[in-house]
Amino acid sequence: MENRITSLFGIRYPIVAGGMIWCSGWRLAAAVSEAGGLGLIGSGSMTPDLLREHIRKCRAATEKPFGVNVPLMYRYAEEIMGVIMEERVPAVFTSAGSPKTWTARLHEAGCKVAHVISSTKFALKSQQAGVDAVVAEGFEAGGHNGREETTTMVLVPRVRQAVAIPLIAAGGIATGRGMLAAFALGAEGIQMGTRFALSEESSASDAFKKLCIGLQEGDTMLALKKLSPTRLIRNDFFRAVEEAENRGATAEELQQLLGRGRSKRGIFEGDLTDGELEIGQAASLIRELPTAGQIVRETVAEYEAGLQELVKQATNCKEEI
């Protein structure tokens with residue numbers, strides 16, 4: 001599968017594993033890259049020294065390209081960027097901030113840069129900033145979302161019309177058929193977060209993973225909109241947030257309710273009652289916890305089978321006409 005995304009990052013398949021806090025350590029990143037995709041280390045829960053350790057362990061585990069995801073609003077962002085440039089990481093995916101700040105310097109260090117966006121407005125700003133690709137993430141995604149609440153099905157073709165640079169689709173994609181749909185809308189690659197969060201190599205707690213593979217439609221909802229819209233599992237913490245938002249709680253009150261370290265408690269430590277449990281709507285499609293390599297292979301196989309089926313359907317339609 002060769003296209004602009006595979007050429008840009010030097011990978012076999014245009015499949016990216018989202019760099020998720022508490023899930024995306026070096027083991028997951030290395031496993032995805034080794035299988036032919038692009039694995040990302042999620043730096044948003046790491047100190048600079050810990051990130052350096054993960055980068056070096058990832059490099060020791062695979063000779064294939066990998067990357068780091070950096071939320072630009074993170075308190076260690078500047079120090080983390082220093083580590084990334086010193087370690088010559090091949091790819092950097094930035095989010096939650098302006099791509100203008102770091103893109104030129106990352107390019108000077110030899111890094112390819114992609115920026116995660118939730119609207120055509122920010123896709124255009126990213127293109128102007130000189131990024132190599134954009135990730136158009138619909139609000140089906142887990143964790144922090146754009147305020148626009150635009151679905152992937154609407155966002156991807158809008159962004160494709162707006163920018164000329166390579167486009168990766170994200171949000172609600174967890175299967176090969178989802179990948180095929182994203183390509184039909186104009187994407188050249190996919191980023192899957194939830195699918196890889198629920199894998200053997202994910203560093204999320206076993207309790208969190210087991211809960212997620214039993215979720216149904218509607219078991220996740222957007223919350224914390226006055227802070228940063230975040231998709232959460234409907235547990236006791238979510239219901240406390242929901243009650244506070246319904247009575248008109250201020251951003252300050254919500255921040256106090258959230259506190260510090262709640263996502264670590266939920267995702268990494270397995271507090272399923274009071275933890276902040278971030279996962280995407282695609283969890284309702286997932287019922288197993290395979291290896292990352294299996295996920296890559298099965299996604300590609302399902303994509304190829306679905307493509308052949310569509311070609312056959314198109315051929316039959318032409319014959320009938």
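This is a predicted model: local features need pLDDT of at least 70, side-chain atom pairs count only at pLDDT 80 or more; totals for chains, interfaces and linings use all residues.
Residues are numbered from 1 along each chain as its sequence is written, and side-chain values use heavy atoms, with hydrogens and water left out.

Rings of Phe, Tyr and Trp (its six-membered ring) pair if their centres lie within 6.5 Å; planes under 30 degrees apart are stacked, over 60 edge-to-face, and the rest tilted. The count comes to four aromatic pairs. One of them joins W22 and F268, a tilted pair with 5.4 Å from centre to centre and 40° between the planes. This pair links distant parts of the chain, 246 residues apart: W22 is in the loop between β1 and α2, and F268 is in helix α13 (residues 262–268). Helices (H or I, at least four residues) and strands (E, at least two) are DSSP runs, numbered from the N terminus.

The rings of Y74 and Y76 are edge-to-face, because their planes stand at 85°, with the centres 5.6 Å apart. Y74 is buried at 19%, while Y76 is partly exposed at 22%.

Most residues other than glycine have a negative phi. What is the phi of W22? It is positive, about 70°, although W22 is not a glycine. W22 counts as buried at 18% relative accessibility. E149 also has a positive phi, about 55°. E149 lies in the loop between β7 (143–144) and α7 (152–162) and is partly exposed, at 32%.

## T230 and its surroundings

Now look at strand β11 (residues 230–233), where you will find T230. T230 is buried, with a relative accessible area of 0%. Its side chain reaches the backbone oxygen of S228 at 2.6 Å. Leaving aside neighbours within four places in sequence, T230 is in contact (heavy atoms within 4.5 Å) with residues including G143, H144, M221 and E278.

## Charges over rings

A charge sits over a ring if NZ of Lys or CZ of Arg is within 6 Å of the ring centre and within 35 degrees of the ring normal. The charged end of R105 sits over the ring of W102, 4.1 Å from its centre. Likewise, the charged end of R231 is placed over the ring of F139, at 5.1 Å from the centre.

How values were computed: Buried means under 20% relative accessible area, exposed over 50%, partly exposed in between (1.4 Å probe, protein chains only). A polar contact is a pair of N or O atoms within 3.5 Å; within protein, one must be able to donate a hydrogen and the other to accept it, and residues adjacent in sequence count only if both atoms are side-chain atoms.
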